[in-house]
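Hi everyone, thanks for coming. I'd like to walk you through one model today, so please have a look at the screen.

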Amino acid sequence: KSAFAKVKTEPPVEVFHLVKVFQADKHEQKVNLGIGAYRTDENKPFVLPVVKKCEIEVVNDAKLNHEYLPILGNPDFTKAATEMVLGKDSKALKEKRTLSVQTISGTGGIRLAAEFMCQHLQRRTVFVPNPTWENHMKIFKQAGFKHIKQYKYWNAKKRKLDMSSILRELSEAPEGAVVLMHASAHNPTGMDPSKAQWHQIAELIKQRRLFPFFDCAYQGFASGDIESDAFAIRHFVDAGLETILVQSFAKNMGLYNERVGNLVVVLNDKQQLPAVASQFTILVRINYSNPPAFGSRVVHKVLSVEQNRKEWEQTVCMMASRVKDMRKQLADKLKQLDTPGTWDHIVQQTGMFSYTGLTPKHVQKLKDDKHIYMLSSGRANICGLTTKNVDYVAKSISEVVK
Ligand code: PMP
């Protein structure tokens, strides 16, 4: 008898499974609105020109080699990434009470943060938005959290942020609980709190002595502006809250498969830094020993050379504008077609995704009859829309809804 006889088969991971099914579909008009990756108006993956340029420079740099990076990563990269998210003039940076750790993109960073919070901050309860990125709850569970709770984030009827539920449910959270927040471009709803609402949330978290944790996977993708999209995090830090945040460079630099991320701990007392750093060092060491170098070198070149940085910021703005434009075209066309329901939320939402409000049945029909793929939750990646397919998608949605 095989040692593996009792291994259970789990269902495939929906987003990645959809990619496979999509690739196998031979229909000419097929459209992939599933996985969260940017596409050009030609429906092609996008290598940002400035990223490509920096990649070539890294490859050609005779001074670089393949020696191991330090356990906590490439310090030039983590410094530049941390300044990007906290702001160069951040008080916490000036007071040297932050720690940065290079991570295996956003996912690896969240896992590392969750393990640290469980083992060294003795946290067992986390509150994540409902809905949230489907991986969040699983990561926290795997890291040892016992109570994985959700706070209601989305008003499905009105298709908007449910601020009163957020405040009510977080005010009932037990002291010390970790609260996970999306820094900007919330996945999957595309709805972020306003500045005033972030003020309220920060105040509540402070009063209730909860622990804020930020997932920052889309800096730049909400507003098109890197600084504005860091508002929530900077506000919490300015308000004197300690926090941990995780950045991903998958989307805003198009470095999906290079797995470049950064984890930042902001402490109130810098005396605790060496202890915290020593624990992260051990966690990384026993997980994967040290991170890969290439992507970190590329990101560092993009962020630290002024001309590169400028070009990158313009490109991020261009990507965000293309998505905004596609939102508008889709919503306008749905309205022109007298599609039942309201569609303004598609324009109000930000980032890559629209939480369309389509039901699992609609989604199934779109896939089976129209060869249009999105998540069963009704989340559509707006980046998959182009000026060439938006008419077809609008017409198809209109038909399945009617
Ligand atoms: N957080 C959120 C909210 C995400 O949407 C994603 C990517 N889909 C990630 C984290 C992690 O992405 P990665 O590991 O590719 O950086």
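Let's begin in a loop: Pro-188 sits between β7 (178-182) and α8 (195-207). Those labels follow DSSP runs, with helices being H or I of at least four residues, strands being E of at least two, and numbering from the N terminus. Asn-187 and Pro-188 are joined by a cis peptide bond, with omega about 15 degrees.

Two quick notes before going on. What you see is a predicted model, where local features need pLDDT of at least 70, side-chain atom pairs count only at pLDDT 80 or more, and totals for chains, interfaces and linings use all residues. Residues are numbered from 1 along each chain as its sequence is written.

Back to the loops. There is another cis peptide bond between Asn-130 and Pro-131, with omega about 5 degrees. Pro-131 belongs to the loop between β3 (125-130) and α6. Then there is Arg-159, in the loop between β5 (154-155) and β6 (160-161). Its phi is near 50 degrees, a positive value in a residue other than glycine.

Now the sheet. Strands of a sheet pair through backbone hydrogen bonds, either parallel or antiparallel. Here seven strands form an open sheet with mixed pairing, in the order β2-β10-β9-β8-β7-β3-β4; two strands count as paired if DSSP finds at least two bridges between them. Which strands stand at the edges? They are β2 (98-104) and β4 (147-152), each with a single partner strand, so one side of each is left without a neighbour in the sheet. On average, neighbouring strands are turned by 25 degrees against each other, direction ignored. (For angles and axes, lines are fitted to C-alpha atoms, for helices over the stretch in contact, and angles run from 0 to 180 degrees between N-to-C directions.)

Val-246 has Leu-263 of β10 as its bridge partner. Helix α10 (residues 273-287) packs on this sheet, touching β2 and β10, and its direction makes about 10 degrees with that of β2. Contact here means that C-beta atoms, placed from the backbone, lie within 7 Å.

That brings us to α10 and its helix partner. The axes of α5 and α10 are 11 Å apart, and the helices pack at an angle of about 125 degrees. They are therefore oblique to each other: under 35 degrees counts as roughly parallel, over 145 as roughly antiparallel, 65 to 115 as roughly perpendicular, and the rest as oblique. From α5, the contact uses Leu-112, Glu-115, Phe-116 and His-120, and from α10 it uses Gln-279, Phe-280, Leu-283 and Val-284.

α5 (residues 105-120) also meets α6 (residues 135-142), where the axes come within 8 Å and cross at roughly 40 degrees. This pair is therefore oblique too. Thr-107, Ile-110, Arg-111 and Ala-114 of α5 make the contact with Asn-135, Ile-139 and Phe-140 of α6.

Finally, the ligand. Which element gives the most to the shell around the ligand? α5 does, with three residues. Of the 13 residues around the ligand, Ser-105, Gly-106, Thr-107, Ala-217 and Ser-248 come nearest; a residue is near if its C-beta atom, placed from the backbone, lies within 6 Å. By class, the shell has four nonpolar, eight polar and one charged residues. Ala, Val, Leu, Ile, Met, Phe, Trp, Tyr, Cys and Pro count as nonpolar, Asp, Glu, Lys and Arg as charged, and the others, Gly among them, as polar.

Conventions
Contact = placed C-beta atoms within 7 Å.
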